[in-house]
Amino acid sequence: MHAFLDGIGYNGWILPVLLLFPLLGALVLVADARRFSTGTAVEAMGRSRSIALWVCLAEALLSLGLWWSVDVSSAAWQAAVTLPWIPQWGVRFAVGLDGIALMLVLLTTCLMPLAVLGSWTSIRERTHSFYALLLVLTTGMLGVFMALDLVLFYVMWEVMLIPMYLIIGIWGGQRRLYASVKFFLYTMVGSLLMLVAIIWIGMVVRRVTGAPDFSYDTALQLARLGPIPGAFWAFLAFALAFAVKVPMWPFHTWLPDAHVEAPTAGSVILAAIMLKMGTFGFVRFAVPLFPEIAMAPAVRSVFLALAVIGIVYGALVALVQPDFKKLVAYSSVSHLGFVMLGIFAMTVEAMQGALMVTISHGISTGALFLLIGMIYERRHTRLLADYGGLASVMPLFAVALTIVALSSIGVPGTNGFVGEFLVLIGSFPTQPWYAVVAATSVIIAAAYLLWAVQRILYNPLTNPENQALRGRDLNWRELGLLAPLLLAIVWLGVYPKPVLQKTEAAASRLVQQVESARMSQQRAQTGGGAR
Amino acid sequence: MLAESLALSAVLFTIGVVGVLTRRNAIILFMCVELMLNAVNLSFVALSTLYGATGQVFVIFVMTVAAAEAAVGLAIIIAIFRHRQTVHLDDINLLKG
Amino acid sequence: MHTDLSASGHPLSDTVAALAWLILLLPLLGFVANGLLSLTAAAHPGPADPSADHGHGDASHGHAHTIGHAADHDDAHHAGRHPAAKWVSLIGPGVLAVAFGFALVTFLAMRGAGEAIHAPYVLTLFDWIPTGALQIPVALQLDQLSMVMVLIITGIGTLIHLFSVGYMQDDPGYPRYFAYLNLFVFFMLLLVLGASYPLMFIGWEGVGLCSYLLIGFWFSEEANANAGKKAFIVNRIGDFGFLVAMFLLFANLGSLSYTGVAAGAAGLEMGGALVTTICLFLFLGATGKSAQIPLYVWLPDAMAGPTPVSALIHAATMVTAGVYMIARSATLFSLAPAAQLTVAVVGALTAVFAATIGLKQWDIKKVLAYSTVSQLGYMFVGVGVGAYTAGVFHLMTHAFFKALLFLGSGSVIYAMHQAYHATHAHADAQDMRNMGGLRRYMPITSSLMWIATLAIAGIPPFSGFFSKDEILAAVFARTHHSTLAEATWLGIPGSVVLYGVYALGLAAALMTAVYMTRMMLYTFHGPNRTGPAEQGHLREAPWIMTGPLVVLGVLSAVGGFLNLPALFGGGMSEILHHWLEPVVGEGTLRVTLGEAAHLSHATEYALIGTAVAIAVIGIAVAWTRLKPAALVPVSESPAEQGLARTLLNKWYVDEAYDRVVVQPTLGVSRTVLWKGLDTGIIDGLFVNGAGFLARGLGWLGSQLQTGRVGTYAWVLVLGAVAVLAGFSFR
Amino acid sequence: MDNTFHPLFYGFHFYLFGLIAIASAILFVTRKSPVAAALWLINVMFCLAALYVMLDAQFIGAIQVLVYAGAIMVVFLFVVMLLNLGQPNDLADVRGTGPRIAAGAVGLAILAEVMVLARSRIPEGYAPTAAANLPAPAADAAGGVIAPVAGPLFREHLLAFELTSILLLAAIVGAVVIGKKQGAADAR
């Protein structure tokens with residue numbers, strides 16, 4: 001496999017192609033929409049979704065090569081491509097991957113075809129523009145994961161925001177306008193602060209080296225120069241932008257609204273991939289660029305406290321949600337609280353656990369939203385009280401929902417457990433009390449999900465509308481859609497070794513780098529004390 | 001006589017301001033503005049005894065401007081009056097925020 | 001799957017033991033096969049466009065009628081047999097029988113190797129979580145303790161599977177039932193065979209999952225679904241304790257495998273805070289799984305599941321996982337006398353508390369459920385005082401007679417169902433008040449149930465007597481000259497605590513004898529209350545069900561000879577003790593300060609005498625005081641009064657938990673967290689607040705544009721005045 | 001110059017015209033009818049003209065009378081007559097007592113501040129340079145009274161002069177357009 005990939009110089013061109021291919025697809029869709037404006041809505045739906053599906057599948061196939069071509073053990077950026085973009089400002093189109101980014105890119109490319117399949121019959125009007133937006137969204141997300149240049153990262157961050165805003169705003173539920181505007185403003189405020197921080201970094205680099213340079217590696221060198229005045233505020237700006245995206249506790253109120261009002265595909269992508277932008281941001285930008293500030297005891301305990309509050313708070317509030325999508329949204333807040341706990345505990349196991357939770361949360365919450373979409377298509381309601389006894393009329397759906405719920409609860413043998421276990425056992429040596437409090441959410445998670453599953457699948461089948469679902473279990477498309485996710489849930493639960501090994505090198509490099517920075521800072525403080 | 005004329009100019013100016021604030025008739029408002037301009041002219045002239053003729057040059061300019069302003073202002077008042085049959089300032093509030 | 005024979009040096013490595021993972025794999029294959037059978041039959045993928053609501057569907061509706069549809073009938077037993085029932089009846093029990101065969105062969109190989117085996121035989125299959133310092137391989141550990149457990153699980157499991165073939169044959173969810181049962185056995189085997197705490201934890205949560213699925217098997221009843229959910233959540237609280245214990249172990253000892261922990265434990269100092277906390281958290285996990293005082297509430301509700309499930313999971317295997325876990329961490333527990341005393345005290349309290357509730361229950365399965373909780377209390381007393389062999393021995397004998405009791409009650413319920421089914425009566429088939437005098441209709445079941453009752457009461461020569469007596473003797477022996485005696489528990493000196501535990505043990509034994517005899521009297525003796533029409537249909541259950549009962553009857557009778565006290569057996573004595581020596585021996589010795597329990601013969605005879613006397617008194621009291629003839633069927637029986645009512649309502653513990661824990665949490669999270677904090681403060685104040693602020697400023701600005709020239713003049717002049725003031729005061 | 005010779009005469013007349021100006025200004029503000037107000041304003045202007053002359057700004061004094069009082073005030077009167085605003089009774093012109101008191105207070109505030117500023121030291125930056133302190137523009141024989149004004153008007157301030165002429169032109173065109181009959185404007 002290696003020979004074949006090197007033969008075609010795979011690493012040389014793959015990343016830019018991965019970025020541009022969806023845009024191409026979007027253009028084709030737009031062209032097709034104009035040329036085909038005569039046909040009925042149903043035909044338009046058929047054409048647009050099949051184009052989108054083929055583009056996403058091709059993208060996924062293309063990206064699978066990365067699994068072999070990216071050599072995770074080497075410290076250099078893999079499949080790196082650097083093209084000059086705005087030379088005066090020292091801005092380059094620089095993309096590259098390490099172990100962490102590789103897994104997130106693969107998660108994105110593999111989930112997109114499922115998202116398209118998920119909205120196969122639920123999106124009926126203006127389908128061309130819907131799928132075009134989905135493809136642009138893919139580019140934005142992939143760009144964020146690959147960017148090695150701060151300005152490119154920021155541009156991709158915004159490119160990702162606009163399509164999602166439109167998707168929620170146009171194809172959403174009743175309160176979609178409120179939800180989409182809230183989502184947009186929330187993220188925009190955060191990202192503007194980040195822009196200021198990026199420019200600040202550019203200026204500091206210019207002051208140090210004479211020419212402004214926004215590449216990530218030079219920014220990393222910056223961290224080694226020791227404390228720079230204003231670095232704290234830059235870190236805070238980065239942290240706020242990512243905290244809104246994670247979402248961390250106080251900045252999470254956009255998530256339930258955005259999820260409830262987004263169409264199925266929107267919810268799946270929002271939960272499975274876009275929330276990972278925040279945690280990826282912390283792992284790639286906020287912590288490594290300002291290690292001594294991020295790891296300063298005060299800052300670190302604040303983030304740990306917010307993470308743990310997020311975990312317990314998210315779980316408790318999910319317990320009392322009448323709306324199933326809101327319940328899953330709050331559970332996402334809880335799961336991503338685990339990721340933040342893992343990141344700020346700063347041990348190799350905790351970091352690996354954090355990355356494992358991001359991937360497994362992407363899979364299980366993505367599957368959960370797809371399932372909700374499927375029953376919403378049939379019953380057009382998200383309230384748990386309207387359901388009951390579906391297991392006897394829709395056995396396939398019941399099996400799928402049970403497995404996905406168990407993975408989300410984190411029962412061993414599913415992917416959920418591996419991540420959470422690693423985060424907890426990794427963060428215990430450095431933060432025992434935070435880990436114990438976070439572990440209590442294991443109980444609440446079981447409570448709210450099982451209660452929800454019971455209200456949908458088990459209780460007596462009294463509601464006539466539920467009885468009418470007898471002949472309408474999951475169809476072959478939906479089964480084909482869920483099969484890879486269920487397989488991934490069991491596979492990652494039983495044999496997570498390949499994924500863990502892919503991310504181990506990058507995680508331990510990050511931990512060593514931050515630890516060395518913290519040690520040098522402590523030495524400087526103790527040494528400095530004498531001065 | 002400089003101090004006294006400046007004082008006088010100040011008094012006249014203040015009377016003009018009070019007039020502007022209290023009167024509701026557009027015409028009278030304009031006249032008060034004229035009075036304020038005259039007060040300013042007085043101070044110009046008073047100071048020109050000290051700083052040379054440029055003060056007086058400015059008085060000329062002020063006068064021309066005052067004339068132009070009066071002309072246009074009155075034209076506007078006439079147009080409003082023809083349209084609204086009143087010059088009460090409080091009734092003319094089409095530009096409400 | 002490479003079997004890394006790093007332990008190749010081990011004597012067992014070349015024998016059949018190397019194929020131990022087959023024992024584990026067989027039930028998993030059974031689960032997959034039954035699961036597929038269940039799904040393929042029930043699964044009919046719906047129409048391509050799901051939202052096209054074409055009413056009640058076309059032909060597919062009719063076809064789906066027979067399969068997976070009957071589950072929502074109140075009485076799930078007669079809706080017609082599942083088409084794949086034949087295959088499932090073969091796969092389900094067959095898989096387990098083969099596994100049992102393998103286990104036997106491995107056991108014989110292990111016996112053959114004899115004394116040569118001191119180190120456990122660890123078989124590493126593949127890496128599960130290889131990250132940084134935490135390397136968790138999927139490894140199986142085969143030693144004497146896990147061998148005993150595997151034999152119990154597969155042996156009794158096979159019998160119960162055979163019984164379930166008869167019991168569940170007519171249930172439409174038949175393949176689904178056997179799929180879950182096989183999955184349960186797989187996880188239970190993984191729990192006992194796992195070589196490290198995380199592996200045990202997989203099995204731990206896996207069995208919790210299967211008990212959730214099986215308790216809520218007839219999910220169309222809300223009560224059953226609630227019971228399943230309650231069981232899983234309460235277990236999950238226990239699992240939280242187990243998790244924290246694992247974190248402590250990893251953080252302090254750096255390893256999670258048994259061998260690693262045992263090596264690390266040597267460095268821990270006796271009675272230290274660390275080892276005590278670890279043991280207490282482990283015990284919290286055990287209370288969750290094995291239904292001890294704080295977290296026992298789920299077991300009685302678990303009776304909502306089918307009876308064979310109650311027999312297998314909630315009597316023989318799953319609930320004993322806690323005992324196995326403490327026996328497995330004998331090295332840790334023996335270093336923490338305070339923790340051991342806690343285990344013993346909680347065990348004794350549970351034994352008495354559950355026994356009191358058992359006195360007044362009318363549902364036959366509830367009586368047995370509380371008796372299980374009580375007997376588990378006994379086992380915890382055993383392992384709590386460091387007599388790990390006694391605890392495991394009672395675990396084994398209890399598995400025999402409790403499985404027999406449950407299966408017996410299963411065949412009684414089955415018979416009652418057949419009777420009620422025949423006459424289409426809708427009475428509770430599990431309530432003792434509807435039974436009575438079944439001895440005449442079900443002689444075999446009743447005589448076997450008598451054997452089990454005598455065993456559980458502790459009448460010699462039945463197995464219960466030996467195991468229960470050994471625990472009580474062990475407690476008595478440790479009241480002086482043992483690490484426990486010197487330690488203190490919440491200020492009370494160890495020996496006083498142990499005497500208390502002994503007294504509680506005797507009280508529990510007395511009550512056990514009373515409620516078991518009460519159950520036997522009300523079900524099998526006295527006049528029949530089922531009703532004249534039904535009596536014709538009451539008959540013995542088919543041989544597929546009564547066969548396993550006979551085998552269990554024999555085991556309960558002779559089980560005691562496996563570990564005769566040194567007093568009687570001479571050469572044959574303490575077989576189990578010698579067998580488990582390499583695993584738990586060292587832990588026991590540390591508790592007894594090096595010497596085995598050296599009770600003089602006189603005191604031993606005295607102890608045996610008191611135990612037998614207690615049992616006989618119990619039975620006699622029940623026999624004389626209770627009058628089955630006075631009973632009337634449920635429909636006419638009066639409501640209970642006073643203490644009886646509190647006992648019937650299980651001291652209102654469930655209601656207390658609900659009011660103290662569940663409702664406040666829901667209330668707080670709904671009003672304070674969600675409505676108050678989330679939508680109220682964060683959303684209301686900050687997010688929408690910011691919006692409101694912007695709009696407010698806009699409105700304020702617009703007020704200036706009144707359109708009146710006067711206002712503008714005023715503003716102008718005021719501005720000028722302000723500027724002048726600024727200058728004049730500069 | 002004059003005051004050195006007849007200080008008393010000069011001072012007396014100065015105060016005389018000052019007081020008359022203030023009195024007529026007050027009366028101008030308080031009159032109800034616009035016509036009366038206009039006439040009082042003209043009176044103020046005449047007093048000012050006199051003051052200008054006393055301040056050696058004879059040309060300005062003449063212009064004041066000629067342009068200001070003569071032309072602008074005539075236009076005002078003309079407009080008043082045109083719009084027949086004369087009747088004082090129907091115009092509750094003056095605002096209520098509240099605003100008037102406030103206006104008075106504001107006026108006093110301005111006066112007070114001006115007094116304070118007048119006494120305060122002129123900051124060194126703005127003090128008149130020695131050169132500017134040359135003797136008052138004596139009416140030299142050649143240019144007569146107008147020369148000192150005309151010189152700077154056409155030398156330094158030529159641009160301003162041209163601009164004002166353009167301004168006047170614009171004003172005229174504007175006034176004509178605005179003042180035109182309503183009908184013609186709609187015809188377009």
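A word on terms before you click: helices (H or I, at least four residues) and strands (E, at least two) are DSSP runs numbered from the N terminus, and two strands pair if DSSP finds at least two bridges between them. This is a predicted model, where local features need pLDDT of at least 70, side-chain atom pairs count only at pLDDT 80 or more, and totals for chains, interfaces and linings use all residues. Residues count from 1 along each chain as its sequence is written, while chains are lettered from A and ligands numbered from 1 in the order in which they are written.

Start on chain A. Select residues 78-86 (strand 1) and 91-97 (strand 2): the two run antiparallel, joined by six bridges. Pick A:Gln78 and you'll find its bridge partner, A:Leu97, in strand 2. The strands make a hairpin with four residues between them; in the turn, click A:Gly90, which has a positive phi of about 70 degrees.

Next, show chains B and D. Counting a contact when C-beta atoms, placed from the backbone, lie within 7 Å, 58 residues of chain B meet 67 residues of chain D. On the chain B side, helix 1 (2-22), helix 2 (26-51) and helix 3 (54-84) each supply at least two residues, and helix 3 gives the most, with 23. Color that side by class (Ala, Val, Leu, Ile, Met, Phe, Trp, Tyr, Cys and Pro nonpolar; Asp, Glu, Lys and Arg charged; the others, Gly among them, polar) and you get 41 nonpolar, twelve polar and five charged.

Now bring back chain A. Chain A doesn't touch chain B, with their nearest C-alpha atoms 27 Å apart, and no contact joins chain A to chain D, whose closest C-alpha atoms lie 40 Å apart.

Last stop: chains C and D, with six residues from each in the contact. The chain C side has five nonpolar, one polar and no charged residues.

Conventions
Two residues are in contact if their C-beta atoms, placed from the backbone, lie within 7 Å.
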